Amino acid sequence: MKTNMICIMCPLGCELTVEKVDDEIKVSGNNCIRGEKYATSELTEPVRVLTSVIITKNGVVSVKTDKPIPKKKIEEAIKLIGNVKADKLNFGDVVISNILNTGANVVVTRDAVLDFKE
Amino acid sequence: MQYDVVIIGGGPSGMAAAIESSKLNAKTLIIERNETLGGILNQCIHNGFGLHYFKEELTGPEYAFKFRELILNEKNIDVKLNTFVTNIDKENNVVTIKSSNGVENVKYKSLVLSMGCRERTAGNILLTGTRPVGIYTAGTAQKLVNIYGKMIGKNVVILGSGDIGLIMARRLTLEGAKVQAVMEINKTSSGLRRNISQCLDDFNIPLMYSTTIFEVVGEKRVEGIYYGQVDENYNKLEDTRKFMSCDAIILSVGLVPETDLVSDLKINRVTNGTYVNDYMQTEYDNIFACGNFLHVHDLVDNVTMESLQAGKCAALNALGKLERNKEFNVLHSDIVTYTIPSTIVKGEGKVDLKFRVRKKFVKSNLIVSCNDKIIAKKFVMAGLPGEMLTISFDKSEITGDINLEVKSNEN
Amino acid sequence: MEKVYDAIIFGGGIIGSCIFDDLTLSGYSAVLLEIGGDVASGTSKANSGIVHAGFDATPGTLKAKFNVEGSLMYPEMCNRVGVRLGNCGAYVIGNDLKKVEELYSRGLTNGVKDLEILNREQLLKRIPNITENITCGLFAKSSKIVSPYVLTISLAEEGILNGGVVELNYNTIKVEHKNGVYEVTNGKTKYFGKYLINSTGNAYNDMAKLIGSETYDIKYKRGEYYILDKSEFSVAYSTIFPLPSAHSKGILVTPTVDGNTLVGPTSYESDSSVKTTDLGLKEIKEKSSAMLNNVNLKKAIRIFSGVRAVVGDDFVIEKSKLKPNVINLAGICSPGLSSAPAISKYVISELMQLTYDLKKNAKHKLVPYTLSKTLPKQELNDLIAKDSDYGKVVCKCEDVTVGDIKMALNRPLKINSVDGIKRRVRAGMGRCQGGFCLDKVISIIAESNNETLEDVCKEGVGTNFIVGNIKE
């Protein structure tokens with residue numbers, strides 16, 4: 001099966017064609033090695049860092065997964081993050097460890113900026 | 001109050017300038033109108049910051065956090081939060097500030113302008129139709145969602161494909177809204193392509209080029225829009241008019257440097273910011289400018305690098321160690337829209353010349369020459385209007401005005 | 001026994017608010033019922049803000065009579081409630097001297113003083129940016145500018161301060177006449193009154209039907225405007241009109257008392273929807289630039305439109321013949337703002353046959369909407385020392401503080417709307433149009449009124465900014 005994608009590694013925006021032949025991934029249309037890497041990762045297991053916020057009793061903090069997680073798990077992961085109940089969270093706190101067995105932790109990236117009243 | 005260097009604005013730009021100024025032992029003050037340092041970074045909770053400067057991928061708040069820590073470790077920096085500058089008296093080198101302590105004057109030897117930018121509004125782009133609730137600039141929406149944890153609509157249309165708009169398309173989708181489309185009046189996006197890919201394509205949000213909102217509909221709350229295509233001259237093509245229902249419209253239609261406090265300085269019509277030389281010095285010897293106040297950046301790392309230079313030169317000036325020599329102009333070919341700096345002070349050292357282009361180009365050499373002699377040459381695979389380009393060179397070779405060109409390398 | 005008010009006034013525009021205040025000051029009891037979330041939320045918030053000299057109206061009409069009388073009453077009225085009145089004067093410019101002379105003599109007939117006919121050279125000295133087409137003009141020294149909404153709000157508040165009642169978001173559903181007293185209800189709260197005054201502007205006919213009084217053939221005219229950045233103020237230090245047409249005063253360029261420039265209005269027949277159109281914006285561009293050079297519409301910070309109700313060629317100001325003690329005020333379009341105090345006086349003394357004496361019950365003086373940024377440094381420092389909220393700037397474009405916003409929320413007329421704050425103290429009125437301060441203004445209103453962020457409205461029921469928490 002052939003898949004077309006635009007490489008996002010630089011402004012050139014190469015139009016890549018990615019093809020899986022047996023277990024080998026063939027990339028064409030790229031002008032450099034970065035395009036090949038990008039296409040391979042997008043085809044085998046596209047991953048993304050997920051960021052969101054959590055409403056605690058003390059205010060709204062921001063969080064992220066400390067590693068990229070599989071794209072297909074993002075929908076489920078955001079729900080889990082939404083279910084977190086906490087009185088107060090601080091910078092660096094691990095909110096969920098090893099979320100959905102991805103090996104990534106959800107960590108707090110920002111304290112509450114504003115005083116909060118529910 | 002008296003400082004060597006007074007910095008207006010405590011976002012990424014002001015923080016970087018302060019650190020470099022402090023390192024040179026200049027007594028430095030940051031004036032910030034918000035309750036915390038970090039500026040817009042605090043609400044940019046997505047990742048992708050710091051790859052160049054910290055060599056790791058950070059979220060906006062983390063990038064701000066790291067800089068706040070650096071600032072705390074500096075001995076020569078004072079910070080005034082919740083403090084607003086009401087006036088700059090350039091003749092007497094005095095800044096008037098307002099805070100809970102009242103109205104006070106601060107004397108400076110060097111002043112750094114790092115007030116960032118503001119978003120263009122519905123009024124600026126002459127968005128016609130009614131004026132109901134539900135029309136937000138992308139930054140305001142981002143603040144309400146990421147700082148307050150509140151939603152501003154369930155069924156959203158985004159006008160303009162600037163980066164914050166793209167980022168908000170993903171954020172709102174993840175938080176439960178339906179983002180129906182991003183409409184861009186131009187044929188290309190002004191946002192980064194990685195954002196189009198990760199924020200729109202990942203969620204199957206259509207990006208409609210040469211398309212704009214014709215009319216807002218709704219008396220109390222936004223009920224929908226009439227939209228359609230525009231021709232080359234941005235005229236609305238009435239026969240393409242269609243209706244789309246929505247309850248919120250987000251505008252990501254450009255940013256404007258906040259030059260209100262210094263409206264008498266010469267303003268560049270392309271960037272809407274001031275002009276600077278390679279010391280980041282404005283036409284006033286003791287006034288420096290950097291960050292989005294000067295020109296809108298797409299990467300915070302570039303803001304940081306530029307602002308370190310502003311902070312350094314501001315400190316040197318305050319300490320009497322900066323000499324303003326003869327300046328040479330930076331000229332450029334037509335594809336280049338502007339350069340920062342726009343002049344270069346005669347002397348020694350490295351210059352990082354930053355610029356944008358009018359349209360996409362591929363496989364070209366960036367060439368800087370002076371009196372027909374090539375000073376720097378750099379091959380780039382491509383350039384886009386939405387992505388800033390840089391070329392560095394040693395300025396000791398410069399003997400006159402320099403010229404920047406983009407020359408295709410393809411036969 | 002329920003209280004019976006001397007008058008129930010429907011509609012808190014400039015006309016209703018002025019009558020409400022004048023009745024109260026004259027010692028009568030009055031209640032003002034406004035369907036919107038604030039007074040001045042219809043035509044009175046979206047017009048040119050000009051107190052016309054009165055040379056334009058056809059002699060012998062109510063428009064001419066009340067305009068000239070009203071404009072003479074403005075200085076005293078504005079002074080009483082502490083509202084700024086800008087004495088900027090007005091020019092009518094064009095290339096038809098005959099028409100200018102006509103206006104001049106019409107002005108004299110209407111009783112307007114201090115009119116002056118100018119040639120191109122004289123005009124150039126005063127307005128250097130007139131275009132080449134302009135050969136002559138009329139100067140009306142007594143033409144003035146005012147913030148129509150700050151004035152309306154202040155009048156309503158002065159009325160409250162002196163015993164009147166204002167109810168916002170009051171949607172009247174029934175009006176009954178029993179034993180010489182009118183009973184009015186919105187389904188929850190009833191009011192009783194001897195007189196009914198219908199000053200509901202664009203909604204006049206709807207209200208007339210509820211009352212059972214005369215309806216009129218009302219046409220709606222939409223006027224679109226640009227508001228320009230303060231950087232453009234030098235384009236017109238006085239109000240500049242073109243020579244008027246049969247239908248309207250034309251597209252003008254005028255300073256506002258707050259230091260912006262207003263360009264407009266168009267005049268299209270429309271429904272009552274306040275919207276802007278490409279056609280209208282184009283017309284404004286063409287007509288304003290035909291008159292003045294350097295009208296930089298690219299510096300627009302906002303575009304808006306207002307709809308005015310028009311009945312024939314003149315105001316309708318009369319006692320109902322169908323219902324006793326009902327005053328019909330319909331088609332009060334331009335120059336309605338200029339005429340307001342004179343209309344009010346006429347309604348009270350002639351139509352209602354009451355004693356118009358504004359000093360009789362003027363017990364409490366209204367504290368004006370003085371913005372802290374306008375205070376001298378020492379006074380401002382004293383104020384901040386007393387209340388540190390005045391040192392916390394919220395709206396950076398207009399230098400509005402937490403203290404100013406809280407002041408506006410603790411006035412005689414209670415509001416919970418962001419637009420209400422905007423009109424009172426200008427938070428969000430500047431070039432960023434609330435981009436930086438909207439969240440803060442919402443927070444301050446919520447905190448001050450003891451509400452949640454979700455409760456805070458742009459203006460009126462159903463205009464809440466926030467629809468809930470994320471992930472809901």
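A polar contact here is a pair of N or O atoms within 3.5 Å, where one must be able to donate a hydrogen and the other to accept it. I keep that in mind for the first entry, and I remind myself that this is a predicted model.

**Entry 1: chain C against chain B**

I started with the interface of chain C and chain B, where the rule finds 25 residue pairs in polar contact, both residues at pLDDT 80 or more. I then asked which elements of chain C supply at least two residues each to the side that touches chain B. They are helix 7 (278-291), strand 18 (300-310), helix 9 (377-386), helix 12 (438-448) and strand 23 (468-469). Strand 18 of chain C gives the largest share, with 6 residues. Sorted by class, this side of chain C holds 20 nonpolar, 17 polar and 15 charged residues.

Next I looked up the totals. I find 52 residues of chain C in contact with 48 residues of chain B. The area buried between the two chains is about 4,300 Å², and carbon and sulfur atoms give 52% of that. The salt bridge count between chain C and chain B is 9. I picked out one of them, Asp260(B) with Arg431(C), whose closest N and O atoms are 2.9 Å apart.

I also noted strand pairing across this interface. Strand 11 of chain B (residues 150-151) pairs with strand 23 of chain C in the antiparallel sense, over 2 bridges. Within that pairing, Met151(B) has Gly468(C) as its bridge partner.

**Entry 2: chain A against chain C**

Here I count 7 residues of chain A in contact with 4 residues of chain C. The buried area is about 400 Å², with 65% from carbon and sulfur atoms. How many salt bridges does the rule find across this interface? It finds 0. There are 2 residue pairs in polar contact between chain A and chain C, both residues at pLDDT 80 or more. On the chain A side, strand 5 (51-56) and helix 2 (74-82) each supply at least two of the touching residues. By class, that side has 4 nonpolar, 2 polar and 1 charged residues.

**Entry 3: helix 10 of chain C**

I wanted to know why helix 10 of chain C (residues 402-409) is largely enclosed by the rest of the structure. The reason is that 7 of its 8 residues are buried. I list them as Val402(C), Gly403(C), Asp404(C), Ile405(C), Met407(C), Ala408(C) and Leu409(C). What covers these buried residues includes strand 21 (393-395), strand 22 (400-401), helix 11 (418-425) and helix 12 of chain C.

**Entry 4: two loop residues and their neighbours**

Leu453(C) sits in the loop between helix 12 and strand 23 of chain C. Its relative accessibility is 17%, so Leu453(C) counts as buried. Leaving out residues up to four places away in sequence, Leu453(C) touches Tyr148(B) and Lys150(B), along with Ile442(C), Ser443(C), Ala446(C) and Ile466(C).

His46(B) is in the loop between strand 2 (28-31) and strand 3 (47-49) of chain B. Is His46(B) buried or exposed? At 11% relative accessibility, His46(B) counts as buried.

**Entry 5: strand 21 of chain B**

I followed strand 21 of chain B (residues 327-332) to two partners. With strand 23 of chain B (residues 343-345) it pairs in the antiparallel sense over 3 bridges, and Phe328(B) is bridged to Ile344(B). With strand 28 of chain B (residues 402-408), strand 21 runs parallel, joined by 3 bridges. There, His332(B) has Leu404(B) as its bridge partner.

**Entry 6: backbone checks**

Most residues other than glycine have a negative phi, and most peptide bonds are trans. I therefore wrote down the exceptions I looked up here.

- The peptide bond from Gly264(C) to Pro265(C) is cis, and Pro265(C) lies in the loop between strand 16 (261-264) and strand 17 (268-270) of chain C.
- The bond from Ser334(C) to Pro335(C) is also cis, with omega near 0 degrees; Pro335(C) is in the loop between strand 20 (326-330) and helix 8 (336-351) of chain C.
- Ser210(B) has a positive phi of about 50 degrees, and Ser210(B) is buried, with a relative accessible area of 16%.
- Gln433(C) has a phi near 55 degrees, and its place is in the loop between helix 11 and helix 12 of chain C.

Technical notes. Residues are numbered from 1 along each chain as its sequence is written. Chains are lettered from A and ligands numbered from 1 in the order in which they are written. This is a predicted model: local features need pLDDT of at least 70, side-chain atom pairs count only at pLDDT 80 or more; totals for chains, interfaces and linings use all residues. Side-chain values use heavy atoms; hydrogens and water are left out. Contact means heavy atoms within 4.5 Å. Buried area is the accessible area (1.4 Å probe) that two parts lose on being put together, summed over both. A salt bridge is a side-chain nitrogen of Lys or Arg within 4 Å of a carboxyl oxygen of Asp or Glu. A polar contact is a pair of N or O atoms within 3.5 Å; within protein, one must be able to donate a hydrogen and the other to accept it, and residues adjacent in sequence count only if both atoms are side-chain atoms. Helices (H or I, at least four residues) and strands (E, at least two) are DSSP runs, numbered from the N terminus. Ala, Val, Leu, Ile, Met, Phe, Trp, Tyr, Cys and Pro count as nonpolar, Asp, Glu, Lys and Arg as charged, and the others, Gly among them, as polar. Two strands pair if DSSP finds at least two bridges between them. Buried means under 20% relative accessible area, exposed over 50%, partly exposed in between (1.4 Å probe, protein chains only).
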